[in-house]
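Trainee: Before we discuss anything, could you put the sequence and the model on the screen?
Mentor: Here they are.

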Amino acid sequence: MGKQIENQTFDEERALYHLEDAEVINCTFAGPADGESALKEARNVTVDGCSFSLRYPLWHTHKFRLRGCSMDVLTRAPLWYSTQGSMEDCRIDGIKCLRECEDISMKHCTVNSPEFGWRSRRLRLTDCEMESEYFLFEARDVTIDKMKMKGKYSFQYIENMQIDHSTLDTKDAFWHSRNVTVANSTIRGEYLGWYSEGLTLINCHIAGTQPLCYCTGLKLIGCTMEGTDLAFEYSEVDADVRGEILSVKNPKSGRIVADKIGEIILEASIMENQCEIHERT
């Protein structure tokens with residue numbers, strides 16, 4: 001690493017534009033000039049212990065590392081079009097963080113950012129807390145472990161994702177998703193997984209009304225369900241559920257097995273139902 005920039009305050013437009021091979025340590029990006037794009041087009045930089053309160057600080061930034069940094073609500077759209085970066089122990093409150101980025105890892109971060117991660121590729125999130133509406137919209141190739149998240153309309157149109165040991169509190173999750181696996185996790189929210197393709201849930205606890213409808217290639221392996229009424233409508237499903245499903249309605253095809261099914265509704269269907277439905281006992 002080359003030069004070091006320490007203990008300074010920057011508020012002008014493009015303050016450190018196209019900075020290369022440098023460390024930025026304990027600096028503040030805020031002030032009356034209200035300048036944007038402080039580290040735009042930076043290359044091979046480490047940003048350590050810095051605070052941000054200006055818009056668009058890391059656009060088109062490549063090979064970067066953020067450690068112990070904070071970005072407040074005035075840090076709008078902090079990372080767009082950036083690649084090969086990592087964030088660790090950071091706090092981000094700026095709206096629309098991480099859009100159309102690639103090869104980004106985050107660890108021990110706390111994020112409250114509406115529209116986080118849109119159209120990004122090859123993301124890895126580990127031990128993070130996330131709050132976001134439309135979380136990871138149209139993202140691809142995502143790996144998540146030990147995440148706590150709260151949101152709405154999460155993971156819509158996402159492709160190729162693995163989630164492990166996480167807690168998801170979000171409605172309308174995984175709509176139109178493709179090739180997603182969630183394991184050893186809790187998923188709470190209404191209308192889970194509608195129109196998904198290749199959604200696999202392994203050892204998960206699923207809670208909320210009308211889950212998993214209009215799905216193709218849906219698999220549930222060793223899952224439990226809570227308050228899940230009107231489940232699986234018009235879905236192609238292979239489900240092994242431990243415990244009770246409140247009600248199953250007009251599944252399209254496949255097999256559903258549970259310890260108990262409160263009600264099986266096979267009426268007023270617009271298509272032929274060829275699904276096997278059994279109670280394990």
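**Burial, contacts and overall make-up**

Mentor: Threonine 228 counts as buried, because its relative accessibility is 0% and buried means under 20% relative accessible area, with exposed over 50% and partly exposed in between (1.4 Å probe, protein chains only). This is a predicted model, in which local features need pLDDT of at least 70, side-chain atom pairs count only at pLDDT 80 or more, and totals for chains, interfaces and linings use all residues. Residues are numbered from 1 along each chain as its sequence is written, and side-chain values use heavy atoms, with hydrogens and water left out.

Trainee: Where does threonine 228 lie?
Mentor: Contact here means heavy atoms within 4.5 Å. Leaving aside neighbours within four places in sequence, threonine 228 is in contact with Ile206, Ala207, Gly208, Pro211, Ile245, Leu246 and Ser247. Strands (E, at least two residues) and helices (H or I, at least four) are DSSP runs, numbered from the N terminus. Threonine 228 lies in the loop between strand E25 (218–226) and E26.

Trainee: Is glutamate 236 buried, partly exposed or exposed?
Mentor: Glutamate 236 belongs to strand E26. Not counting residues up to four places away in sequence, glutamate 236 touches Cys215, Thr216, Gly217, Leu218, Lys252 and Ser253. Its relative accessible area is 30%, so glutamate 236 is partly exposed.

Trainee: What separates the C-alpha atoms of glutamate 236 and alanine 15?
Mentor: The C-alpha trace of the protein spans about 70 × 30 × 25 Å along its principal axes. Glutamate 236 and alanine 15 are 221 residues apart along the chain, and their C-alpha atoms are separated by 55 Å.

Trainee: Which residues does leucine 201 touch?
Mentor: Leucine 201 is among the residues with the most contacts inside the largest nonpolar core. Not counting residues up to four places away in sequence, leucine 201 touches Val182, Ile187, Leu192, Ile206, Leu212, Lys219, Leu220, Ile221 and Cys223.

Trainee: How many helices and strands does the protein have?
Mentor: Buried residues make up 49% of the 281 residues in the protein. Its secondary structure comes to zero helices and 28 strands.

Note on methods:
Core = buried A, V, L, I, M, F, W, Y, C linked by side-chain atoms within 4.5 Å.
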